[in-house]
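Here is a friendly walk through one model, written to be read with the structure open beside you. Take a look at the picture, then follow the headings below.

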Amino acid sequence: MKPYTPNPFEKYVDEGYVLLKGFYSPSRVERALEYLSQCATRALEREGDLHANLQALRELFPERYSNLLNAFVRSMTLRELLFNDPSLMNLLTQLQLIEPVYTTYPVSHLISEDLWSNPNKPGEIVGSPWHQDWASMQGSLNALTCWIPLLDVGENFPLQCIAGSHRDGLRPHEDHGNTFPEAAPTPTQQQNIVTLHCERGDMVIFSSFLLHRTRPQSAGSSGFRAAVSIRFDDMSDESYRNRDYYCAYRHTVDREIRTFPTSEEIVHSIKKGNEALH
Ligand SMILES: O=C(O)CCC(=O)C(=O)O
């Protein structure tokens, strides 16, 4: 990751977001995408194009598909490639987020018509509707999200935001039946919609109060896109302490034991790891 020199703070304060061109080296981000591709190949036991493999996985093994994505974003590989880096820490400090706390696991945003289609919800809009991340975080008031495209994002479902909307505070969020509560922008806010076209290596950082969404499908807006995001609260922020370090994300344990591995399987698995070391 190369050091990011210009101070993005003013733009971030004024508009609630900043698009950092070339924050990462494109090859580093490409490695993250390659890793996802390897994971999908292994999960499907079939070589192939990432998008095609993801589609096949989702169709044939829906549970494996969503659990794989959850494991990918929790992987040390992704964390080492994109998140554990002094340059990111420096940048967060420049944005006055002084003691970053991972609010939750990173999130994957893999979007295409096929990856989104749901026979039970025909005509459903592809991507996330307008919302503010703070509604699902509720931690420190200076909390923010880092959104990192793993591919160039042009017409393929770009992120849209409403510049300056973080200054208007939290909007009511309503669930219109798609389990993703949505915040309707005011007519004034709608005049400030910005579409963020990004190249691999760029990063968008936005306030948790910034209204944003996936740009819905329009002419020319199809194709596959992959991005990941990570949210941070600030341990040093008074507002966080004042709400008792609350976090709306819940990590629960499913206590039902769904498979009973045999002792042979366990020993085999351990030995296999050992063989790989030699
Ligand atoms: O990637 C997208 O289109 C949506 C991302 C998003 O809403 C988020 O990170 O909160």
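## Ground rules

Helices (H or I, at least four residues) and strands (E, at least two) are DSSP runs, numbered from the N terminus. Please keep in mind that this is a predicted model, where local features need pLDDT of at least 70, side-chain atom pairs count only at pLDDT 80 or more, and totals for chains, interfaces and linings use all residues. Residue numbers start from 1 along each chain as its sequence is written.

## Around the ligand

Which residues surround the ligand? They are Val107, His109, Gly127, Ser128, Asp133, Thr145, Trp147, Leu159, His212, Thr214, Ala227 and Ser229. A residue is near a molecule or strand if its C-beta atom, placed from the backbone, lies within 6 Å of it.

At least two residues of this shell come from each of β3 (107-111), β4 (144-149), β8 (212-214) and β9 (225-234). By class, the shell has four nonpolar, seven polar and one charged residues. Here Ala, Val, Leu, Ile, Met, Phe, Trp, Tyr, Cys and Pro count as nonpolar, Asp, Glu, Lys and Arg as charged, and the others, Gly among them, as polar.

## A three-stranded sheet

Strand β8 also belongs to an open, antiparallel sheet of three strands, in the order β6-β5-β8. Two strands pair if DSSP finds at least two bridges between them. β6 (193-196) and β8 are the edge strands, each pairing on one side only. From one strand to the next, the twist averages 25°.

Strand β5 (residues 159-162) and β8 run antiparallel and are joined by three bridges. Glutamine 160 has arginine 213 in β8 as its bridge partner.

## Helix α2 and its neighbours

Helix α2 (residues 26-44) packs with helix α5 (residues 76-83) at an angle of about 165°, their axes 9 Å apart. Axes are lines fitted to C-alpha atoms, for helices over the stretch in contact, and angles run from 0 to 180 degrees between N-to-C directions. α2 and α5 are therefore roughly antiparallel, a label for angles over 145 degrees. The contact (C-beta atoms, placed from the backbone, within 7 Å) involves Arg28, Arg31, Ala32 and Tyr35 of α2, with Thr77, Leu78, Leu81 and Leu82 of α5. Five of these residues are nonpolar, one is polar and two are charged.

With helix α4 (residues 62-74), α2 packs at about 145°, and the axes are 11 Å apart. Leu36, Cys39 and Ala43 of α2 meet Arg64, Leu68 and Phe72 of α4. This contact has five nonpolar, no polar and one charged residues.

Definitions and conventions
Angles under 35 degrees count as roughly parallel, over 145 as roughly antiparallel, 65 to 115 as roughly perpendicular and the rest as oblique. Two residues are in contact if their C-beta atoms, placed from the backbone, lie within 7 Å.
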